[in-house]
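The following account leads through a protein model, from single residues to helix packing and then to the sheets. The reader may wish to keep the sequence and the coordinates in view throughout.

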Amino acid sequence: MKKAVGFDQKILLHQLDFIAREIPRTVSRQELYEKVEEFLTADIAGQKSRLNARTILFKIWYLVEDQNLHLQREALRLFDEVTQEERKVLHWGMTLLAYPFFTDLVKELGLLFKIQDEVPSEQLSRKIKALYGDRRRVEVSTSATMTSLRSWEAVVSEKRNLQALPSNRTVIRSDQLKQWTAEVLIRVLQVTSLPIEEFKDHPLLFPFRYDITTDELDKNRFEIIRQGVNMRMISLK
């Protein structure tokens with residue numbers, strides 16, 4: 001059975017900002033469709049491309065799976081409380097939750113950046129095709145995702161190589177955003193717990209500087225499990 005892809009259109013940060021701002025101000029789904037459609041007209045001329053972009057935006061921020069609705073509500077509340085740069089973290093987390101394809105591609109990139117400074121586009125493409133098959137839809141979605149990541153300044157291109165520049169990494173400072181990101185990571189990975197050390201350098205968070213301590217964790221939300229002398233696991237309550 002072929003794995004679903006779905007992320008097949010370049011998405012810009014200001015488009016994500018727009019839908020996140022409009023959700024609390026909008027009464028109905030149809031009204032939100034119309035607002036997003038009108039907004040996208042300035043960026044995208046083709047009707048089919050606008051439809052693709054709108055579908056992706058809605059899946060990321062509006063048509064959220066039931067088990068993640070509390071994270072969506074929390075993200076919308078945090079949206080105006082964090083810095084413009086930190087909003088990237090909210091978009092990133094919501095996209096990880098919405099699109100397994102995006103998650104898999106980002107994870108492969110993050111793993112490669114741990115062992116090399118540059119990632120040839122062909123190398124990444126081979127890894128994604130190994131996961132999703134050598135088909136046109138996979139090529140289109142890989143291209144759309146990478147173009148989006150470049151526009152979000154998560155990666156830069158040098159000829160046919162991709163780079164993640166340490167100077168461009170967004171620092172996550174907000175304690176509430178740190179906790180939101182921790183829960184997103186646990187849920188995206190579909191694990192019951194995660195060593196606290198893995199949060200700092202997890203491949204899925206490669207564009208961000210992220211560190212969290214046990215003192216910063218909400219004890220009503222997380223449980224700290226000690227294993228051995230030095231191992232501390234974080235799980236959701």
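The model in which it is placed is a predicted one. Is Asp8 buried or exposed? Its relative accessibility is 19%, and because buried means under 20% relative accessible area, Asp8 counts as buried. Apart from neighbours within four places in sequence, the contacts of Asp8 are Asn52, Ile56, Arg137, Val140, Ser141 and Ala144.

A second residue, Lys35, belongs to helix H2 (residues 29–41). With a relative accessible area of 23%, Lys35 is partly exposed. When neighbours within four places in sequence are set aside, Lys35 touches Phe18, Glu22, Arg25 and Thr26. Between Lys35 and Ala182 there are 147 residues of separation in sequence, and their C-alpha atoms stand 32 Å apart in space.

The packing of helices comes next. Two packed helices are described by the angle between their axes and the distance between the axes. Helix H4 (residues 69–78) packs against helix H9 (residues 175–189) at an angle of about 155°, the axes being 11 Å apart. This angle makes H4 roughly antiparallel to H9, since angles over 145 degrees count as roughly antiparallel. The crossing of H4 and H9 is left-handed. On the H4 side the contact is formed by His70, Leu71, Glu74, Ala75, Arg77 and Leu78, and these meet Gln176, Leu177, Trp180, Glu183, Val184 and Arg187 of H9. Sorted by class, the contact of H4 with H9 comprises 6 nonpolar, 2 polar and 4 charged residues.

H4 also packs with helix H5 (residues 84–98): their axes come within 11 Å and cross at roughly 165°. H4 and H5 are therefore roughly antiparallel to each other, and their crossing is left-handed. Here Leu71, Gln72, Ala75 and Leu78 of H4 meet Leu90, Met94 and Leu97 of H5. The contact of H4 with H5 has 6 nonpolar residues, 1 polar residue and no charged residues.

The sheets remain to be described. Strands of a sheet pair through backbone hydrogen bonds, either parallel or antiparallel. S2 pairs with strand S3 (residues 161–163) in the antiparallel sense over 3 bridges, and Ser157 has Leu162 in S3 as its bridge partner.

Another open sheet of 3 strands has the order S5-S8-S7, and its pairing is antiparallel. Which strands stand at its edges? These are strand S5 (193–195) and strand S7 (222–227), each with a single partner strand, so that one side of each is left without a neighbour in the sheet. Neighbouring strands of this sheet are turned against each other by 30° on average, direction ignored. Over 6 bridges, S7 and strand S8 (residues 231–236) pair in the antiparallel sense; within this pairing, Ile224 has Ile234 in S8 as its bridge partner.

Technical notes:
Residues are numbered from 1 along each chain as its sequence is written. This is a predicted model: local features need pLDDT of at least 70, side-chain atom pairs count only at pLDDT 80 or more; totals for chains, interfaces and linings use all residues. Side-chain values use heavy atoms; hydrogens and water are left out. Axes are lines fitted to C-alpha atoms, for helices over the stretch in contact, and angles run from 0 to 180 degrees between N-to-C directions. Helices (H or I, at least four residues) and strands (E, at least two) are DSSP runs, numbered from the N terminus. Angles under 35 degrees count as roughly parallel, over 145 as roughly antiparallel, 65 to 115 as roughly perpendicular and the rest as oblique. A crossing is left-handed if the near helix is turned anticlockwise from the far one by less than a right angle, and right-handed if clockwise. Contact means heavy atoms within 4.5 Å. Ala, Val, Leu, Ile, Met, Phe, Trp, Tyr, Cys and Pro count as nonpolar, Asp, Glu, Lys and Arg as charged, and the others, Gly among them, as polar. Two strands pair if DSSP finds at least two bridges between them. Buried means under 20% relative accessible area, exposed over 50%, partly exposed in between (1.4 Å probe, protein chains only).
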